[in-house]
Amino acid sequence: MSLLEVDDIEVRYGAIRALKGVSFHVEEGEVVALLGANGAGKTTTQKTVSGMMRPSLGEIRFDGERIDGVPAHTLIHKGICHVPEGRRVFPRMSVLENLEMGAFRFKTHDEAVLDRVFELFPRLKERVKQLGGTLSGGEQQMLAIGRALMGKPRLLLLDEPSMGLAPLVVQQIFEIIREINDDGVTVLVVEQNATQALGLADRGYVLETGEVVLSGTGAELLADDRIRAAYLGEEIAH
Amino acid sequence: MNWLQNLPDYLVLGLTRGSMYALVALGYTLVYGVLQLINFAHSEVFMAGAFGSYLVVSQLAPGEHGFLGASMIVLAGLLTGAIVSALIAWTLELVAYKPLRQRGAPKLAFLISAIGMSFFLVQLFGKLFNRFSGNPFPENYLDKNAPVLELGGVTVTRIQVIIIVAALLTMILLDRIVNGTKLGRSIRAVAEDAPTAALMGINIDRTISRTFLIGGALAGVAGFLFGQAFGFGNTMGFDQGVKAFAAAVLGGIGNLRGAMMGGLLLGIVEAIVPPLPFIGIEWTDVVAFVVLVAILVFRPTGLLGEKLGRAA
């Protein structure tokens, strides 16, 4: 049984069908990447998995249990932690308060997890008292990931962790995602940066206008001509 | 000059009025924080607290009471005011706002709903309790105008001490709740970013309900204090409500310290400016709003308000 099974889901924004029957699965311990251009439905897919959106058709199962339509604030108790698009740190809370928010589902936060977060992101430890809104983009991304880790995820959803960050910082973030995965956390990452994502991922799915058009292992997809043309070509051109 | 001689008295008066504005202003600002909505029925939540506490205090007050007994009656008044107003505010949210929120109604619908509830509550309390509203709060148990402190010609009366101390303690308690409890943390998180708060495991609907409970309780405390000091009636909310709303805007809507500051400032300005020889106390309300407008011209977000925008 897969940890996460997404089975033919359809999601609508009013009359517009954003997802037209998307299916994929994530095995325990894997890193899976969802790739695609803007508007392909990657973020919508992730939001539907984390309970921020409700599918109009289809099923989502986590650990064999139906979770489609379960609201986000309940889903986190199953260990699905979502780092949303744009990081969304709480701007007027300190770094420490932001991290504590991530552990909101527990009575108190786990000191061992907090230590691990500071080990992964020493920058955050230096800035515990600083307000979230005053951090740089890269630091905010670290804080958002650290905050999600505080919730002790079994499945970590990352939405465009590389967005708006300098190449060096992107590299650093992806190395840390690798470490988090080595700690035993399953990762579903949405990315436009296909090279980085596929370098990290065990498997990937390519979305186009709300449908899965291609899937395979990270290496297969990296070698696929269509991927090279559609995504990597674009990046070389930059 | 007479005005200068009386200034300390005016300041005490201003502090007294201002603390009540602050308590009510906090309710506007708390709700605005989580819903970006001005709860225009909040003035009636305040009014309900005065009625609720009157019903209890008028039962307890007759007879002889020592200091301890009288303190207990005051405490009972504060608590019933807080409980009645909290329940009214909670119900208000449940029947007038939550259904609209769940249907994704536009902001204007909330506004109409708020105004409707405000009229409804004024009429309801008028119909149900009109026979009381001519009555004053019992005073014998309290001897409210007895001087407590006399410092260099300033007299501070019992009721003034009660108002200032009760308001201060209530605001300290609020600060503890907001900054020191999980409930407070969830209110702040929803105010800053509701969808993300939900991702942390916070039930947004429940947090909103509880915010109304807290804001209501603060207004109820003010309702009792105001009723005991100046009397009460089903239409008492309008004037206080408008002023307290102004105070919340003055301080920066959504900001708790701002609401406290705005309330105190408005109370003090109202007390010290109109008695100036060339103005006159009949201009009190004009002075209050001239100050409000003047401050907003220079600081459109209020004294402690900040531009609410996410840092990139």
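**Exercise 1. In what order do the strands of the open sheet of four strands in chain A stand, and with what pairing?**

*Solution.* Start with the ground rules. The model is predicted, so local features need pLDDT of at least 70, side-chain atom pairs count only at pLDDT 80 or more, and totals for chains, interfaces and linings use all residues. Residues are numbered from 1 along each chain as its sequence is written, chains are lettered from A and ligands numbered from 1 in the order in which they are written, and side-chain values use heavy atoms, with hydrogens and water left out.

Step 1. Strands (E, at least two residues) and helices (H or I, at least four) are DSSP runs, numbered from the N terminus. Two strands pair if DSSP finds at least two bridges between them.

Step 2. Read the order. It is β2-β1-β4-β5 in chain A, and the pairing is antiparallel.

Step 3. Find the edges. β2 (16–26) and β5 (65–66) of chain A each have a single partner strand, so one side of each is left without a neighbour in the sheet.

**Exercise 2. Which strands make up the open sheet of six strands in chain A, and which stand at its edges?**

*Solution.* Step 1. Read the order. It is β6-β7-β8-β3-β9-β10 in chain A, with mixed pairing.

Step 1. Name the edges. β6 (80–83) and β10 of chain A each pair on one side only. On average, neighbouring strands of this sheet are turned by 15 degrees against each other, direction ignored.

Step 2. Find a parallel pair. β3 (residues 31–35) of chain A runs parallel to β9(A), with four bridges. Leu34(A) stands opposite Tyr205(A) in β9(A).

Step 3. Find an antiparallel pair. β9 (residues 203–208) and β10 (residues 211–217) of chain A share six bridges. Val206(A) has Leu214(A) as its bridge partner in β10(A). Their hairpin has two residues between the strands, and Thr209(A) in the turn has a positive phi of about 35 degrees.

**Exercise 3. Which strands does α1(A) lie across or touch?**

*Solution.* Step 1. Contact means heavy atoms within 4.5 Å. Axes are lines fitted to C-alpha atoms, for helices over the stretch in contact, and angles run from 0 to 180 degrees between N-to-C directions.

Step 1. Go to the sheet of four strands. Helix α1 (residues 42–49) of chain A lies across β1, β2 and β4 of chain A, at about 115 degrees to β1(A).

Step 2. Return to the sheet of six strands. α1(A) packs on this sheet too, touching β3, β6, β7, β8 (186–191) and β9 of chain A, and makes about 150 degrees with β7(A). α6(A) touches β6 and β7 of chain A, at about 170 degrees to β6(A).

**Exercise 4. How many salt bridges cross the interface of chain A and chain B?**

*Solution.* Step 1. Apply the rule: a side-chain nitrogen of Lys or Arg within 4 Å of a carboxyl oxygen of Asp or Glu. The whole structure has 28 salt bridges over all chains.

Step 1. Keep those across the interface. Three remain. One of them joins Arg88(A) to Asp193(B), at 2.8 Å from N to O.

Step 2. See which elements take part in the interface. α2 (72–75), α3 (95–102) and α6 (137–150) of chain A each supply at least two residues of the side that touches chain B. α3(A) gives the largest share, four residues.

Step 3. Count the contacts. 25 residues of chain A are in contact with 21 residues of chain B.
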